[in-house]
Amino acid sequence: MIAEFGLAALWLAAALSLLQLVMAAVGLRAGRGDIADAVRPVAIVGGVLTALSFAALIALFVRSDMSVRLVAQNSHSLKPMLYKVAGAWGNHEGSMLLWVTVLGLAGAGIAVAERRLDARTLTATLGGQAAIALGFFAFLLVASNPFARLDIAASDGLGLNPLLQDPGLAFHPPTLYFGYVGLSVAFSFAIGALVNRDVGPAFARAMRPWVLGAWIFLTIGITAGSYWAYYELGWGGWWFWDPVENASLMPWLAATALLHSVTVLATRDGLRAWTVMLAVVAFSMSMIGTFLVRSGILTSVHAFAVDPTRGSFILALLAIYIGGALALFALRIGTVRAGTTFELLSREGALVLNNLLLTVILGVVLIGTLYPIVASATGVQLSVGPPFFNAAAGPIALALMVVLAAGPLLRWRRDGWDALIGRMTAPIAATAFAFAAFVIFAPYRGPLPLAGLSLAVGVGVASVAPMWGRNLRRTPLFTWGMVVSHLGVAVALFGMAADSAFTRERLLAARPGQITDVGPFAVTFDGIKPALGPNWSGLEGRLSVVRGEGGRFVLRPQQRFFANPPTTTNEAAIATRIDGQLYAVLGQPDGAGRWQLRLWWKPFVTFIWLGGGLIALGGALSLIGRARREGRAAARAVWA
Amino acid sequence: MRRWLIWLPFVAFAAVLWVVASGLLSPADRTVRSHLIDKPVPAITAPAMVAGKPGVSSATFASGGPRLLNVFASWCVPCIAEAPQLMALKRAGVRIEGVAIRDTPDAVRRFLSANGDPYATIGNDPASATQLALGSSGVPETFVIDGRGRIVMQHIGDIRADEVADILNAVREAAR
């Protein structure tokens, strides 16, 4: 019954989104305000129905209803409850249902919350939202029905890939989806503004919280995903330039650019066309990313099911939405008046430069990700990896750091070089000092890590510079947000550069009792003993570690064997210290009593994710600050 | 802004779409090409583990006609699925050398009596040393080796019924 209820709710929601689209179009064309007004409640009911449908799917997974194909293929009655629930979105159909659910709830959210936007623009926006939803509903109902029953119920399920049985990862896909779909709202706003020829500060202010919210979720999702790959895969790396990672990075780059340009539009009424363009690009990147991941067109460590029909379906949706939006942009943007202009050396100028550099990085990542497809069309098999991405995107990212340091210290409209250099004295001095220190004390680390380390120090100083001489208690929350985010960038950059400059690695075949050292640690391999978990058995190595004169501590890297489905995973043991992490992986025995061990000492590697967290926290502060100010403005408007 | 410049994003997207669509319609060749193709079988020694069958070593391949080297294990479910195809190949006159990965003699004997025995030799590889030397990442995998001891083909995964002909062709090709 639950499955049928879920499917019925999904069909109804799909029908409502068709209704929403038609009503918005008729309301706008015929100028029928009464019809347009009814679009709001339809959007709300549609959102509720998709949420009910998704709740039904979760209920099926919780009850382990093995008569439902998706449950039987992806769950198992013995799985811990958390992973039963997470199993609902840990597969293709379920994750697409989650996607439309978030889309539906976002549409309902606009309908409930947005009160200040021009009514016609809002109607067009909701129409755009319905158009996007409709395509994904069709995709779900035609090509990936999550509620399909088995003719004969399975006796038990096949289980969830053990690599994915991790509390962090249970919430990783939903976080990214909130980000992707949040960008769909920005996309719909852009469509609404283009349809209604209404690109201005009011539109930017309405769009900004959605962009900011989506960007926060993307930042958290990427940071958490990177940490997951780091400790779960046992390869010791934190970013692999894998197509699936790039699929989440590209929307983030576009959203970061959009976040900055929307601020220019909201406060200075500049960059109109560019902001609309970015809003279209940001969600396009989300869809292209989803397509790349879901179609299996690129070979990736994220081995999702490969199905060309589904790939063709998503590709058709891409062609319609992105192609349509870009065509609409080209046809309409000429009728949007130019906004206010500004000098090159100004806050706006720095933001434009930021946007350009982010866009170039985005282009580099996109080309690198798609290049294997181009190459295979000419019969060449290749993969594009870190050597390309680091060399191509690294220097541009460092240039972006310089802009990031200077931008917040510039005035709006116009500024002077002398004044800027005066304000930049401390950051420049800090960079030079750090550079000299690293050259003297840690030479020969390569140009990129060295530049990264020195710039990180300079950017760190510059990021807090806007706070100098201000009354901290009276500084608005969104300024705090900017400062915290920028500081987070510096912290993350320091972690990345330190990791690539100072990591020590040791690979050995160790006998019990053998002592080896890695970085400042002396590691003793004590031996192997069996270990047991709820749905796995395994082997556990015991390493006792001493650092200098300090106390002894124990690391226990494991190899786990899962029965459903049969898989072996490596559980790295990680000891976190204030200045880095010691990372140990247990490998295979050599049959003669020795065990393969892999040890890394990674100085300041934690700063990468700490920085990511700070960036997201800054976003959250900014969002709260803006919401408060908007709330006060709305209250004033009511009382005036 | 010039009129045509406005269409630039649209054109760029159309190009991306074309690339992706062409990639989708002509699915990428996912064959993993072994670096050992056209190279001699690497130095391996897998001693005998089942009574009456010699083990496998590099010397096994030095002389004689083309043959298969099948990497298998009694604990591997796809190997059971593959067994009828190996038997069919044996009946077609193909000589098959076997290497049992991380296995025990008793388990291998039970596996052979349950699923048939296509192997001329079976080498014991308790710690995957032979498997690693061959560049094999899992079980089952099958190598086609010509009469001079050169690897001409690596088949990853179980040999399906419709793939028997391909393997047979490769063996006949190697005989020439």
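**View 1. Domains of chain A in the predicted model.** Chain A is divided into domain 1 (1–160), domain 2 (424–503 + 609–640) and domain 3 (504–604); these bounds come from an automatic or database domain assignment. Taken over C-alpha atoms, the centres of domain 1 and domain 3 of chain A are separated by 44 Å. This is a predicted model, in which local features need pLDDT of at least 70 and side-chain atom pairs count only at pLDDT 80 or more, while totals for chains, interfaces and linings use all residues. Residues are numbered from 1 along each chain as its sequence is written, and chains are lettered from A and ligands numbered from 1 in the order in which they are written.

**View 2. Helices α1 and α3 of chain A.** Two packed helices are described by the angle between their axes and the distance between the axes. The axes of helix α1 (residues 2–29) and helix α3 (residues 39–62) of chain A come within 8 Å and cross at roughly 160°. Axes are lines fitted to C-alpha atoms, for helices over the stretch in contact, and angles run from 0 to 180 degrees between N-to-C directions. Helices (H or I, at least four residues) and strands (E, at least two) are DSSP runs, numbered from the N terminus. The crossing angle therefore makes α1(A) roughly antiparallel to α3(A); angles under 35 degrees count as roughly parallel, over 145 as roughly antiparallel, 65 to 115 as roughly perpendicular and the rest as oblique. The crossing of α1(A) and α3(A) is left-handed, a term used if the near helix is turned anticlockwise from the far one by less than a right angle, with right-handed used if clockwise. Their contact has 21 nonpolar, seven polar and no charged residues. In this classification, Ala, Val, Leu, Ile, Met, Phe, Trp, Tyr, Cys and Pro count as nonpolar, Asp, Glu, Lys and Arg as charged, and the others, Gly among them, as polar.

**View 3. Helices α6 and α9 of chain A.** The axes of helix α6 (residues 92–113) and helix α9 (residues 172–195) of chain A come within 9 Å and cross at roughly 45°, which means that α6(A) is oblique to α9(A). This crossing is right-handed. Among the residues that make the contact are A:Trp99 and A:Leu103 of α6(A) and A:Tyr177 and A:Phe178 of α9(A); two residues are in contact if their C-beta atoms, placed from the backbone, lie within 7 Å. By class, the contact of α6(A) with α9(A) has twelve nonpolar, three polar and no charged residues.

View 4. Strand β2 (residues 515–518) and strand β3 (residues 521–532) of chain A run antiparallel and are joined by four bridges; strands pair if DSSP finds at least two bridges between them. A:Asp517 stands opposite A:Ala522 in β3(A). The hairpin of β2(A) and β3(A) has two residues between the strands, and A:Gly519 in the turn has a positive phi of about 55°. Eleven bridges then join β3(A) to the antiparallel strand β4 (residues 536–547) of chain A, where A:Ser537 is the bridge partner of A:Leu532. The hairpin from β3(A) to β4(A) passes through three residues.

**View 5. The open sheet of chain B.** Five strands of chain B form an open sheet in the order β5-β4-β3-β6-β7, with mixed pairing. Because β5 (121–125) and β7 (151–156) of chain B stand at the edges, each with a single partner strand, one side of each is left without a neighbour in the sheet.
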